[in-house]
Amino acid sequence: MLSVVEGIFIFVVISESVFGVLGNGFIGLVNCIDCAKNKLSTIGFILTGLAISRIFLIWVIITDGFIQIFSPDIYASGNLIEYISYIWVIGNQSSMWFATSLSIFYFLKIANFSNYIFLWLKSRTNMVLPFMMAFLLISSLLNFAHIVKILNDHKMKNDTVWHLNMYKSEYFIKQILLNLGVIFFFTLSLITCVLLIISLWRHNRQMQSNVTGLRDSNTEAHVKAMKVLISFIILFILYFIGMALEISRFTVPENKLLLMFGMTTTAIYPWGHSFILILGNSKLKQASLRITEIFHNCFDYVSGNLSL
């Protein structure tokens, strides 16, 4: 029987999942329609891939969490944990890869530094994506190999039920090794976002001395961009905190609230960042306003007919 607090957590997680699927589904749909009309751009490819991978990731987070909460015996026995582990690697790695690629793309396109390395990378922006894709492939293969080793070690012990047969320090070391690729993407995203914020802040300070209308509008755009980036960093950190809580939960399997809090914190990032992207991207924002206007007109039409 679930307590009131557990029920609230489940309601919040389901709400986050619904918003996440709707927000990311909207991003994917808009970019797919744009792709049908025109050639798919690099940013369109990244946003579409990010939206699809996040929808996939949300379903993995929710399915895995709910099975652990409502059917722990089914989760602990059989091959279910093996399948979920493989699916998790695919969803988490691809989502982090697209998010990191988006951060690097914006950094190289918008930031302004006189550093030689930055200028060299900026002139080769089109080469960054294939390089990141190669790293994703290598990282995923290493993760799969590590998971296979852990699962084979478990099977050799002839255990019928999954449980923690190792010291906590050993368990956390294995989790760090398993998530090295994700940690690399996370670190790279944070570095590029911080550098981009520094670049925008420096540029904003240079423009403050000029009070013309054009400069004012540019200043406002730069401030808005910095707010978007800071929000992204906060959500990104929350995602990793949630992951850490879910991983820590295996050391105290009887604590369901820790798992639920981890799920809630983890799910904030996929849906929260999707709405930040919609508000920060002119094409997505215009499409959302058009849809909102259509729904508003439909509502007025239905309300007018009902009143008659």
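Buried means under 20% relative accessible area, exposed means over 50%, and partly exposed lies in between, with a 1.4 Å probe and protein chains only. The exercises below apply this scale to a predicted model, in which local features need pLDDT of at least 70, side-chain atom pairs count only at pLDDT 80 or more, and totals for chains, interfaces and linings use all residues. Residues are numbered from 1 along each chain as its sequence is written, and side-chain values use heavy atoms, with hydrogens and water left out.

**Exercise 1. Classify Ser 17 as buried or exposed, and state its contacts.**

Step 1. Ser 17 belongs to helix H1, residues 4-37; helices are DSSP runs (H or I, at least four residues) numbered from the N terminus.
Step 2. Its relative accessible area is 10%, so Ser 17 is buried.
Step 3. Contact means heavy atoms within 4.5 Å. With neighbours within four places in sequence left aside, Ser 17 is in contact with Ile 58 and Ile 62.

**Exercise 2. Describe the surroundings of Asn 92.**

Step 1. Asn 92 is placed in helix H4, residues 80-110.
Step 2. Because its relative accessible area is 1%, Asn 92 is buried.
Step 3. Residues up to four places away in sequence are not counted; Asn 92 then touches Leu 57, Asn 179, Val 182, Tyr 239 and Met 243.
Step 4. With Tyr 239 there is also a polar contact, side chain to side chain, at 2.4 Å. A polar contact is a pair of N or O atoms within 3.5 Å; within protein, one must be able to donate a hydrogen and the other to accept it, and residues adjacent in sequence count only if both atoms are side-chain atoms.

**Exercise 3. Identify the nonpolar patch on the surface and the elements that supply it.**

Step 1. The patch consists of Ile 173, Ile 176, Leu 177, Leu 180 and Ile 183, which together have about 430 Å² of accessible area. Such areas come from the Shrake-Rupley method with a 1.4 Å probe, and for residues only the protein chains shown count as cover.
Step 2. Helix H7 (168-178) and helix H8 (180-207) are the elements giving two or more residues to the patch. H7 gives the most, with three residues.
Step 3. Ile 183 lies in helix H8, and its relative accessibility of 30% is why it counts as partly exposed.

**Exercise 4. Determine how Thr 187 and Thr 100 are placed relative to each other.**

Step 1. Thr 187 is also found in helix H8. Its relative accessible area is 37%, and therefore Thr 187 is partly exposed.
Step 2. Thr 187 and Thr 100 are 87 residues apart in sequence, while their C-alpha atoms are 9.1 Å apart in space.

**Exercise 5. Relate the recorded transmembrane regions to the model.**

Step 1. An unreviewed UniProt entry places the feature "transmembrane region" at residues 6-30, 42-63, 83-108, 128-151, 171-198, 225-245 and 257-280. UniProt annotations may be inferred rather than shown by experiment.
Step 2. Residues 42-63 are 100% helix and 0% strand, with 32 Å between the end C-alpha atoms.
Step 3. Residues 225-245 are likewise 100% helix and 0% strand, with 30 Å between the end C-alpha atoms.

Note on methods:
Patches are made of residues with over 30% relative accessible area and no salt bridge: like charges are joined within 9 Å, nonpolar side chains (Val, Leu, Ile, Met, Phe, Trp, Tyr) within 5 Å. A salt bridge is a side-chain nitrogen of Lys or Arg within 4 Å of a carboxyl oxygen of Asp or Glu.
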